[in-house]
Amino acid sequence: RKGSVIITGASSGLGLATAKALAETGKWHVIMACRNFLKAEKAARSAGMPKENYTVMHLDLASLESVRQFVDTFRRSERPLDVLVCNAAVYQPTAKEPTFTADGFEISVGTNHLGHFLLSRLLLDDLKQSDYPNRRCIIVGSITGNTNTLAGNVPPKANLGDLRGLAGGLNGVGTSSMIDGGEFDGAKAYKDSKVCNMLTMQELHRRFHEETGVSFASLYPGCIAETGLFREHIPLFRLLFPPFQKYITKGYVSEAEAGKRLAQVVSDPSLSKSGVYWSWNNNSSSFENQLSKEASDAEKARKLWEVSEKLVGLA
Ligand code: NDP
């Protein structure tokens, strides 16, 4: 049978390119889990994805109720779940004030981390039940969360501190809207959320890989300087960022190339190892990359897990 993969945020950028790469092989049915149903349907059509190889299902990660509803709808479709890809993200580098999810969490961490945290925890049961030989759960990371790299050291740097803001509910009411309890900074909130993504992947690996056989992985696909992620940045940045990445840092990848990379992590038998953070060399060969000290801190990962469980209502 075809493999069955859920990709969150498949309506643009990396998610769409990955959905297309997988659907075109004819070996995968892609469930595009998107907040804007029409946009996703149009994107799939204009990318030329074969109709029989995808389904759009509504998911708004900025609402825990929507995450639970998505899981119900998916289960009613009676499709197996072989691979889950947590890809969607918001990035608000120029926001002066925080905005919040339906449950009152600062929106970058609420969407990118807490929404995906609940989704992956609920769908772990479905991954367990699949008879597919290579069951995987992939959470897209980022170099911006890696303070052991040049790009990860551009201020403001990611830093979760002692998680006091997160433990306080991240709601900006009386407590901070930032994980470390500091002043709101949209760019930092995004970076913090990506560190959470990478810590969650490793904690999932520690808790569930042996027992379930599911592989957990994260990746940095390269700098895809033209995706919608930068839509809220100032125009001059959007003009200069792609050539800067192409010619100066040489970290630039096209959406299509990045999509192929993530599709590899979904389906390539040689990338089935669990607990790995994948990256690619300039010649497009994959390797197991190192994470920064904070993004590989097992004690912090455990604490993040426990606080996140409370916030999403699992504990
Ligand atoms: P895009 O903005 O193009 O795609 C983000 C996707 O997330 C969109 O489909 C968007 O939906 C969706 N999304 C946003 N909020 C929600 C929500 N509340 N519920 C459901 N879906 C939502 O950005 P990219 O393709 O660049 O980003 C994809 C991933 O790649 C992210 O995890 C990002 O951190 C990561 N990444 C990107 C890099 C880059 O250079 N671009 C580098 C490293 C990592 P909609 O279409 O409705 O807006």
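Q: At what distance from an oxygen atom of the ligand is a polar backbone atom of Leu14?
A: This is a predicted model, in which local features need pLDDT of at least 70, side-chain atom pairs count only at pLDDT 80 or more, and totals for chains, interfaces and linings use all residues. Residues are numbered from 1 along each chain as its sequence is written, and side-chain values use heavy atoms, with hydrogens and water left out. A polar contact is a pair of N or O atoms within 3.5 Å; within protein, one must be able to donate a hydrogen and the other to accept it, and residues adjacent in sequence count only if both atoms are side-chain atoms. For the polar backbone atom of Leu14 and the oxygen atom of the ligand, the distance is 2.8 Å.

Q: Which residues come nearest to the ligand?
A: A residue is near a molecule if one of its heavy atoms lies within 4 Å of it. There are 31 residues around the ligand. The residues that come nearest are Ser11, Lys39, Tyr190, Thr227 and Arg231.

Q: How much space lies in the largest cavity?
A: On a 1 Å grid over the protein atoms alone, a cavity is a set of points where a 1.4 Å probe fits but cannot get out, whereas a pocket is an open set with protein on both sides within 12 Å along at least five of seven lines; lining residues have an atom within 4 Å of a point. Grid points are joined across faces, edges and corners, and a volume is the space filled by probe spheres set on the points. The structure holds one cavity of 30 Å³ or more. The space in the largest cavity is about 30 Å³.

Q: Which helix gives the most to the lining of the largest cavity?
A: The lining of the largest cavity includes Leu61, Asp103, Phe105 and Leu114. By class it has five nonpolar, four polar and one charged residues, where Ala, Val, Leu, Ile, Met, Phe, Trp, Tyr, Cys and Pro count as nonpolar, Asp, Glu, Lys and Arg as charged, and the others, Gly among them, as polar. Helices (H or I, at least four residues) and strands (E, at least two) are DSSP runs, numbered from the N terminus. With three residues, the helix that gives the most is α4 (residues 107-129).

Q: Why does Asn112 count as buried?
A: Asn112 has its place in helix α4, and its side chain makes a polar contact of 3.0 Å with the side chain of Ser193. Buried means under 20% relative accessible area, exposed over 50%, and partly exposed in between (1.4 Å probe, protein chains only). Asn112 counts as buried because its relative accessibility is 0%.

Q: What is the volume of the second largest pocket?
A: Among the residues that line the second largest pocket are Gln202, His205, Tyr277 and Glu288. The elements giving two or more residues to this lining are α6 (186-212) and β7 (276-280), and α6 gives the most, with three residues. The lining divides into three nonpolar, six polar and two charged residues. The volume of the second largest pocket is about 170 Å³.

Q: Which residue has a backbone oxygen that the side chain of Ser215 reaches?
A: Ser215 lies in strand β6 (residues 215-219) and counts as buried at 9% relative accessibility. At 2.6 Å, its side chain reaches the backbone oxygen of Ser272.

Q: Is Leu170 buried or exposed?
A: Leu170 is found in the loop between α5 and α6. Its phi is near 60°, a positive value in a residue other than glycine. Because its relative accessible area is 0%, Leu170 is buried.

Q: What is the omega of the peptide bond from Pro155 to Pro156?
A: Pro156 is found in the loop between β5 (136-140) and α5 (164-167). The peptide bond from Pro155 to Pro156 is cis, with omega near -5°.
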